[in-house]
Amino acid sequence: MDTANRDRKKAWEQQQRKLSQDAFPIADSLLESMFEAMDEKVEAAGCDHTLRFTKSWIAEKDQSAAEVLAWLREHGGFCDCEVLANAADHWEQNR
Ligand SMILES: [Zn+2]
């Protein structure tokens, strides 16, 4: 790949990352604390194939459940452990 191509690829990647960041439903610091909380909960109690911990966290922090859950689903977070396995991964790579 020549330099111009590499630069274009890099620019495209940065743009994609920016788009992903713009689509984050809540602040980065809140996402961080949400994923940390899920990590502890799932570690301690396991996943029951629902979003129970995620939903209670959202309610506790008074965030928009519709927006956060839609974003999580879009990135493969259909239950608490998938939130950690998939959505957290997407967030780590784009934050
Ligand atoms: Zn699960």
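**Note on the helices and loops of a predicted model**

1. His-75 touches Asn-86, Ala-87 and His-90, when residues up to four places away in sequence are not counted, and touching, or contact, here means heavy atoms within 4.5 Å. His-75 lies in the loop between α4 and α5, where helices (H or I, at least four residues) and strands (E, at least two) are DSSP runs, numbered from the N terminus. From His-75 to Cys-47 there are 28 residues in sequence and 18 Å in space, C-alpha to C-alpha.

2. Some words on the basis of these points: this is a predicted model, in which local features need pLDDT of at least 70 and side-chain atom pairs count only at pLDDT 80 or more, while totals for chains, interfaces and linings use all residues. Residues are numbered from 1 along each chain as its sequence is written, and side-chain values use heavy atoms, with hydrogens and water left out.

3. Which residues of helix α4 are buried? In this helix, which covers residues 65–74, they are Val-68, Leu-69, Trp-71 and Leu-72, where buried means under 20% relative accessible area, exposed over 50% and partly exposed in between (1.4 Å probe, protein chains only). Seen down the axis of α4, these buried residues fall within an arc of 160 degrees, so they line one face of the helix; the arc is that of the directions from the helix axis to the C-beta atoms. In general, an α-helix has 3.6 residues a turn, so residues three or four places apart point the same way.

4. The two sides of α4 can be described in turn. Its buried residues pack against α2 (28–45), α3 (52–60) and α5 (80–94), whereas the face turned away from the buried side carries the exposed residues Ala-66 and Glu-74. Just after α4, Gly-76 takes a positive phi of about 80 degrees.

5. Helix α1 (residues 3–22) packs with α5 at an angle of about 125 degrees, and their axes are 9 Å apart; axes are lines fitted to C-alpha atoms, for helices over the stretch in contact, and angles run from 0 to 180 degrees between N-to-C directions. That makes α1 oblique to α5, since angles under 35 degrees count as roughly parallel, over 145 as roughly antiparallel, 65 to 115 as roughly perpendicular and the rest as oblique. The contact is made by Arg-17, Ser-20 and Gln-21 of α1 together with His-90, Gln-93 and Asn-94 of α5.

6. Ser-20, which lies in helix α1, is buried, with a relative accessible area of 16%. Leaving aside its neighbours within four places in sequence, Ser-20 is in contact with His-90 and Asn-94.

7. The axes of α2 and α3 come within 10 Å and cross at roughly 140 degrees, and that makes α2 oblique to α3. On the α2 side the contact is made by Leu-30, Ser-33, Met-34, Ala-37, Met-38, Lys-41, Val-42 and Ala-45, and on the α3 side by Arg-52, Phe-53, Thr-54 and Trp-57.

8. Is His-49 buried or exposed? At 64% relative accessibility, His-49 counts as exposed; it is found in the loop between α2 and α3, and it has a positive phi of about 65 degrees although it is not a glycine. Asp-62, in the loop between α3 and α4, has a positive phi of about 60 degrees although it is not a glycine, and Asp-62 is exposed, with a relative accessible area of 69%.
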